[in-house]
Amino acid sequence: MTYRFDRFALDTDTRRLLRDGQELHLSPKAFDLLRLLIEGRARALARSDLHDQLWPETHVEDTNLAGLVAEVRRALGDSPDEPRFVRTMHRFGYWFIASVDGAQAQEPSRQIRYWLIWDTRQLPLFDGENVIGRAADAAVWLEAQGVSRYHARVRLDGGRATIEDLSSKNGTFVNGERLTVPVTLNDGDQIRVGAIVMLFRIPPPAETTDTLGGV
C-alpha cells in the first residue's frame, strides 16, 4: 500500500518514505509511527494507544515516543509550532492532518462536516456519531472539570445534526436549556458540558462569495 501526501509517498510494502521519488531515512520505529498516524488519520491517536502498538507488552518512557515524533517531523520538514503533517494534541496524543491520496483511512466514509469551537480550538465533527467526553476513545476529547467519560453525543445524518446527553453527571445544555431528549442543532448554538462552553458551527459552502456593491 502506498500513501501519498504533499510531495511524499509512504510505501508500506517496501517500508520506504519517498520525497519526489527520493528515499528518505527513517528508523524502523519512526516508519511504524508514521504509518500508524496516516492509517488512523480520521482522528487523533492517544499516546497510550501508540505505545501499545509500537512497544507491545514493553514499558518505555514517554520520551521514546516524543523522540520518534521528532524524527518523523525532521524527515517531513514539519514544525510542532506550525504543523502541516503531525499535530500535537495537548495532553492526549498526535494527529496526522495532511490530505492523503491513494488509500483509505480507517474510517473512509467519515468526512468533516461541522465544527465545535472551544476557545481558540476548532474540534471537527464527522458523519455519523461523535461522542463528547473524557474517555480516550471519544471523538471529541475534553479533559476538563465536570465532563463525564462519555458525556454527550452529536449525530450527523443526512445534513441534520442532533445532540443528546449520555446520562452524564452534570448534564448537557444547549442555549442554557438542559437536555432531556435529543434536540436538533443549528449554526451558532451554544453547547455546555461540565465547565466547557462550545459553539456549534456549520461552515458556509466553499464556493460562496460575497457580492460587492451589487456588481
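Here is a short walk through the model, one selection at a time.

Before you click, keep in mind that this is a predicted model: local features need pLDDT of at least 70, side-chain atom pairs count only at pLDDT 80 or more, and totals for chains, interfaces and linings use all residues. Residue numbers start from 1 along each chain as its sequence is written, and side-chain values use heavy atoms, with hydrogens and water left out.

**Stop 1: the sheet.** Helices (H or I, at least four residues) and strands (E, at least two) are DSSP runs, numbered from the N terminus. Two strands pair if DSSP finds at least two bridges between them; β6 and β7 (residues 93–96) have 4, in the antiparallel sense. Zoom in on V86 and you'll find F96 of β7 opposite.

Stop 2: Axes here are lines fitted to C-alpha atoms, for helices over the stretch in contact, and angles run from 0 to 180 degrees between N-to-C directions.

**Stop 3: two crossing helices.** Now select 47–54 (α2) and 62–76 (α3), which pack at about 90° with their axes 11 Å apart. That makes them roughly perpendicular, the label for angles of 65 to 115 degrees. Show side chains for R47, L50, H51 and L54 on α2, and D62, L65 and L68 on α3: these make the contact (heavy atoms within 4.5 Å).

**Stop 4: the rings.** Select F5, F8, F85 and F96, a cluster linked by ring pairs. Rings of Phe, Tyr and Trp (its six-membered ring) pair if their centres lie within 6.5 Å; planes under 30 degrees apart are stacked, over 60 edge-to-face and the rest tilted. F5 and F8 are stacked, at 5.5 Å centre to centre with 20° between the planes. F5 and F96 have centres 5.2 Å apart and planes at 85°, so that pair is edge-to-face. It links distant parts of the chain, with F5 in β1 (residues 2–5) and F96 in β7, 91 residues apart.

Buried means under 20% relative accessible area (1.4 Å probe, protein chains only). F5 is buried at 1%, F8 at 5% and F96 at 2%.

Conventions: Parallel < 35°, antiparallel > 145°, perpendicular 65-115°, else oblique. Buried < 20%, exposed > 50% of the residue type's maximum accessible area, 1.4 Å probe, protein only.
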